[in-house]
Structures are given as C-alpha cells and as structure tokens.
Amino acid sequence: MTLFVSHTTIDCHDAYALSEWWKALLGYVDVEGDPNLPGHEECMILDPETGHRLLFIEVADAELPAKRIHLDLRPRTGTRDEEVERLLELGATQLADHRGKYGPGTGWVIFADPEGNQLCVLRSEAEVAAWEAQASEA
C-alpha cells in the first residue's frame, strides 16, 4: 500500500480571495462543476495542465496554525482505514479523527509526522466513487 498526494491544503482567513490570487499567479482554474464563489469556506483550484490541486480552507483567526500548509493523501490501493493503521505503525501521531463527519463512509484522519508536520488521510478514489454511487441510489 502507498499513498499519493490528492492536493495541497492551505489554511487561510478568506478562501475565495486567496484562491483567486493564486489562480492569477499560477494560471490555475476552478474545478469543473465546482466553481468558487465569494463566501465559500473551501475553494479548490487546479492546474489545467498537470491536474495539481490547491485547496484553501477558512479557519477561525484563533485557530490559524503556524504550519498552514499540509498534504492531503489518498490511498493508491486499499482503504483509508488500512492506511490509517499503516501510518500509526510507521510512527505518525494521530491528531484528530473525522471519519463519519458527513455520514457513514465519509471523513478523514489528521496526523503529524515525526517532526510535527500535519497531513490528512482521505478515502481512496474507489471509496469515494462507491459512496457517491450509493448516495445517488438513495
């Protein structure tokens, strides 16, 4: 099992304004079908050539961490929960568990590496697709 970088996340005060600034700087665009609008608390942009994504997430002033950039990782094979166990075995420190935040089968887990750098483990693309298929049938 291995993970891949799904996107780079940047904690900020104004997700829309900062995403617009980075779009102008890098030539990135909104994700098709998911436009960013003023007031959105989460804004994702992508490089139209490479597919690299930046996600800007608003956090409260008091919560804005010193380390404002972290990687969000997805399993290449297997599941989020299998990777969570593997990270624990590798010595990562679990900081928060948001599995099920938006209902069964959703969410992520926040870790710190041995030097305190944060990263999140998301569901695999297969898990997301299965959840979306199930939700559309309901």
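**Helices, cores and salt bridges in a predicted model**

Tryptophan 21 counts as partly exposed, because its relative accessibility is 47% (buried means under 20% relative accessible area, exposed over 50%, and partly exposed in between, with a 1.4 Å probe and protein chains only). The model is predicted: local features need pLDDT of at least 70, side-chain atom pairs count only at pLDDT 80 or more, and totals for chains, interfaces and linings use all residues. Residues are numbered from 1 along each chain as its sequence is written, and side-chain values use heavy atoms, with hydrogens and water left out.

Tryptophan 21 belongs to helix 1, which spans residues 15-26 (helices are DSSP runs of H or I with at least four residues, strands are runs of E with at least two, and both are numbered from the N terminus). Together with Leu25 and Leu26, Trp21 forms a nonpolar patch on the surface, with about 310 Å² of accessible area for the three together. Patches are made of residues with over 30% relative accessible area and no salt bridge, like charges being joined within 9 Å and nonpolar side chains (Val, Leu, Ile, Met, Phe, Trp, Tyr) within 5 Å. Accessible areas come from the Shrake-Rupley method with a 1.4 Å probe, and for residues only the protein chains shown count as cover.

Helix 1 also holds lysine 23 and glutamate 20, which lie 3 residues apart, about one turn of the helix. The two form a salt bridge, with 2.8 Å between the closest N and O atoms (a salt bridge is a side-chain nitrogen of Lys or Arg within 4 Å of a carboxyl oxygen of Asp or Glu). Lysine 23 counts as buried because its relative accessibility is 16%, whereas glutamate 20, with a relative accessible area of 27%, is partly exposed.

The structure holds 6 salt bridges. Side chains of opposite charge can pair when their charged atoms come close. One of the salt bridges joins the side chains of aspartate 81 and arginine 99, at 3.0 Å from N to O. Aspartate 81 lies in helix 2 and arginine 99 in the loop between strand 6 and strand 7, so this pair ties together parts that are 18 residues apart in sequence. Arginine 99 also meets aspartate 97 in a salt bridge, at 2.6 Å from N to O. Arg80, Asp81, Asp97 and Arg99 are linked in a network of salt bridges.

In helix 2 (residues 80-89), the residues Arg80, Glu83, Val84 and Leu87 are buried. They lie on the same side of helix 2, because they cover an arc of only 110 degrees around its axis (the arc is that of the directions from the helix axis to the C-beta atoms). The buried residues of this helix pack against strand 1 (3-12), strand 5 (69-75), strand 6 (93-97), strand 7 (109-112), strand 8 (118-121) and helix 3 (125-137), where contact means heavy atoms within 4.5 Å. Glutamate 83 is buried, with a relative accessible area of 0%. Beyond its neighbours within four places in sequence, glutamate 83 contacts Met1, Thr2, Leu3, Pro75, Thr77 and Val121. Just after helix 2, glycine 91 adopts a positive phi of about 100 degrees.

In soluble globular proteins, nonpolar side chains tend to be buried together. Here the largest nonpolar core has 9 residues, namely Leu3, Leu73, Val84, Leu87, Ala92, Val109, Phe111, Leu119 and Val121 (such a core is a set of buried Ala, Val, Leu, Ile, Met, Phe, Trp, Tyr and Cys residues joined through side-chain atoms within 4.5 Å). At least two residues of this core come from each of helix 2, strand 7 and strand 8. Another core, of 8 residues, lies apart from it and includes Ile10, Cys12, Tyr28 and Ile45.

Alanine 92 is placed in the loop between helix 2 and strand 6, and counts as buried at 16% relative accessibility. With residues up to four places away in sequence left out, alanine 92 touches Leu87, Phe111 and Ala112. Proline 114 is 22 residues from alanine 92 in sequence, and the C-alpha atoms of the two are 6.2 Å apart in space.
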